[in-house]
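Open the model in your viewer and keep the sequence at hand. The stops below say what to select and what is there.

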Amino acid sequence: MTVAPRLIIIGLDSAEPSLVFGRWRADLPTLNRLMAEGVYGELESCIPAITVPAWSCMMSGRDPGELGVYGFRNRLDRSYSRMIVADSRAIRFPRLWDILGETGWRVAVIGVPGTYPPSAVNGVLISCFLAPSTDVTYTFPPTFAERVDTWIAKVTPGRSYLLDVPNFRSDDKERIVRDIYAICDQRFAVATALIEEERPDFLMLVDMGVDRIHHAFWKHMDPQHPLFVPDSPFAETIHAYYRYVDAQIANLLSRCDYQTAVLVVSDHGARPLLGGVRINQWLSAQGELTLRTTPDEPANLDQVEVDWSRTRAWGAGGYYGRIFLNVRGREPQGIIPPMEYERVRADLAARLEAMPGPDGHLLGNRVFIPQHLYRAVRGVAPDLIVYFGNLAWRAVGTVGGNGIFTQENDTGPDDANHAQHGLFIWRDPKRPGGGRRLDNVQIYDILPTLLRRFNIAIPEGLRGTALEL
């Protein structure tokens, strides 16, 4: 038996509470035991409920506006096309491992989204899928990568360390399954080796396989999915992977003693993807976006010539929609007078909320204004954030051709969208929870709750609340 870490966080990106707490609970003995011994419940994510920025919101206690991170890619400036990936350099607040390290805890961080480029920590860090490859420096310290290679060679011989599942939006389903299991094996093998050899006070890993398997295989298991595949050979793929991860968690925790506090957590949930809303096509039909030449087939906005002198709004696609307004004096060719900005924004929000679906009934969109949603708005925020069908539909950025609604995704095959609520399971040997379910917990509550549990000063200005667990 090794010396127990004081705290382990096992992140399961996109783990869906209805599956873990309900449908498959009896098939997940490790998670079931942690629930029975601790406290658990749904965890409301940030808005937008996506991996970047959600993990950084959780670990910093700050909202996307405070971080200035509104998605995987963000506008660099007020120009029309310059977008950058929001990597670790965008996060200017300390995260949990930074705070623990400053108090003397030795930390080990594995694959937490938002950690590339790797920053210095009091311990070791392996960065996330934002790293372009393992040819760059992806660990701290840089030489730590050599030890990672040694450890993963035992579980995935001949394979390099996987930062992500390559090309998980494709039709090569058997290869995707192999890669998902390989990345899982690698993550947990490294975590086990770190506990045994480094004996950190704190260890956190995030498994991306849960998220990737949802996106690749949801229609194979869910009869409610519009593209459901009856009698699919992949019908049990997601279920089997949840059970495999449960066993991996059991093996990892067996390396600890009962004094280790354990948090299993997801940054958001998952739901079937019903289709896509072609947001720029809709804006064009509404007279808000004008093209000099309209393509016969759907094309990305950066592939067509926009007449900015006659355009008031354009959008960016993804699991949620982002709407940008072309404001005079703010954008290079802005046409909306600043005095008209709020009226135009409110009118557009009302039209988005009133959008009918393909069946003629309201689609059920939720529209958010960043200045009303966040405590601060840093960087270049969208003017509107849109959940199409409350995340049942994704935003598709193409324009041209026919139709507002589509079953074709502009980034490749995708079966699932994100859901607003993820999950948490907290097992604390010093404060047995007795299987209590706790509702109304937000992603921002995680950091102050953990800091108070370990008697560490809580930074001023956090958005969340320290919970009684």
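Does Asp172 count as buried, partly exposed or exposed? Select Asp172: at 41% relative accessibility, Asp172 counts as partly exposed, where buried means under 20% relative accessible area, exposed over 50% and partly exposed in between (1.4 Å probe, protein chains only).

This is a predicted model, in which local features need pLDDT of at least 70, side-chain atom pairs count only at pLDDT 80 or more, and totals for chains, interfaces and linings use all residues. Residues are numbered from 1 along each chain as its sequence is written, and side-chain values use heavy atoms, with hydrogens and water left out.

Asp179 is buried, at 4% relative accessibility.

Now select Glu198 and Arg106. Their closest N and O atoms are 2.9 Å apart, in another salt bridge. This pair links distant parts of the chain, 92 residues apart. Glu198 is buried at 19%, whereas Arg106 is partly exposed at 32%. By this rule the count comes to 34 salt bridges.

Last, select Leu263, which is buried with a relative accessible area of 3%. Leu263 touches residues including Ile8, Phe424, Trp426 and Leu450, not counting residues up to four places away in sequence; contact means heavy atoms within 4.5 Å.

Terms used:
A salt bridge is a side-chain nitrogen of Lys or Arg within 4 Å of a carboxyl oxygen of Asp or Glu. Helices (H or I, at least four residues) and strands (E, at least two) are DSSP runs, numbered from the N terminus.
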